[in-house]
Amino acid sequence: MASVLVVEDDQFVRSALIRHLTEASHTVRSVGTALEALREVAHFRFDVVILDLGLPDLDGAEALKMLRGITDVPVIIATARDDEAEIVRLLNDGADDYLTKPFSVEHLSARMAAVLRRSRAAGEAPPSRVIQVGGLSIDPLRRQAELDGDRLDLTRREFDLLAFLAGRPGVVVPRKELLAEVWQQSYGDDQTIDVHLSWLRRKLGETAARPRYLHTLRGVGVKLEPPNGHRP
Ligand code: CA
């Protein structure tokens, strides 16, 4: 049960969302513009915001930035655009997850549950131990990661993925376990993991063909270990 803000200008989609979320015993408020959404989050506390990207007053990316300026409430982007570059940008700008329209109620519920579990878990005392693997340094408490002394600009999901793998260096983690532990889903497609791994690789300055830290073992899983010759 969560308190949800639905930001959606399409009356039909909006009513359907409100009905489904209410049936799932969530508390729902809804608005049709980005400016109203900003007013809502300034006045009420929400557990999650579902943000349509095609709003009449502000570009979705702009709306997200302004939201992030005043709140760290989890935001799930609902987008009709299946544009990877755009989605990457939004995840970098602070979106927690995204759904491509049309999406099913089950899909929305699963994403919401995962986002809520993550934000609730983050509210509990996280481990304070700084993880060091080769030139990688990961501080779970501050949610900061550095590579050879340079701060990495990671999305939440990228950070979670990196921290999880770095917490068990040299261990091959099966994809199923990554989905369960990082995405907190018991199902899902490998593509989700692959896409996030490739973004993470890019930020670590490596590629799947020339891995340094992140190694994919086809059909088995993923492991993180210090590059050859790196002294601990
Ligand atoms: Ca719209």
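Leaving aside neighbours within four places in sequence, leucine 162 touches Leu136, Ile138, Ala145, Leu152, Leu154, Leu200, Leu204 and Leu224; contact here means heavy atoms within 4.5 Å. The model is predicted, so local features need pLDDT of at least 70 and side-chain atom pairs count only at pLDDT 80 or more, while totals for chains, interfaces and linings use all residues. Residues are numbered from 1 along each chain as its sequence is written, and side-chain values use heavy atoms, with hydrogens and water left out.

**Nonpolar cores**

A nonpolar core is a set of buried Ala, Val, Leu, Ile, Met, Phe, Trp, Tyr and Cys residues joined through side-chain atoms within 4.5 Å. Buried means under 20% relative accessible area, exposed over 50%, and partly exposed in between (1.4 Å probe, protein chains only). The largest nonpolar core has 28 residues, of which Leu162, Leu178 and Leu224 touch the most other members. Elements that each supply at least two residues of this core include α6 (156-166), α7 (175-181) and α8 (190-204). Helix α6 gives the most, with seven residues. Helices (H or I, at least four residues) and strands (E, at least two) are DSSP runs, numbered from the N terminus. Apart from this core lies another, of 26 residues, among them Val31, Leu91, Ala95 and Trp199.

**The calcium site**

Asp9 (OD), Asp52 (OD) and Gly54 (O) coordinate the calcium ion at 2.2 to 2.4 Å. Donors are N, O and S atoms within 2.8 Å of the metal (3.2 Å for Na, K and Ca); water is not among the atoms, so sites may look incomplete. Aspartate 9 lies in the loop between β1 (3-7) and α1 (11-23) and glycine 54 in the loop between β3 (48-52) and α3 (60-70), so the pair ties together parts 45 residues apart in sequence. Aspartate 9 is partly exposed, at 34% relative accessible area.

**Salt bridges**

The whole structure holds 15 salt bridges. Each is a side-chain nitrogen of Lys or Arg within 4 Å of a carboxyl oxygen of Asp or Glu. Three of them are listed here.

| Pair | N to O distance |
|---|---|
| Aspartate 96 and arginine 156 | 2.8 Å |
| Arginine 157 and aspartate 97 | 3.6 Å |
| Arginine 142 and aspartate 139 | 3.0 Å |

Aspartate 96 is buried, at 6% relative accessibility, whereas arginine 156 is partly exposed, at 33%. Arginine 157 and aspartate 97 are both buried. Arginine 142 is exposed, at 57%, but aspartate 139 is buried, at 10%. A network of salt bridges links Glu8, Asp52 and Lys101.
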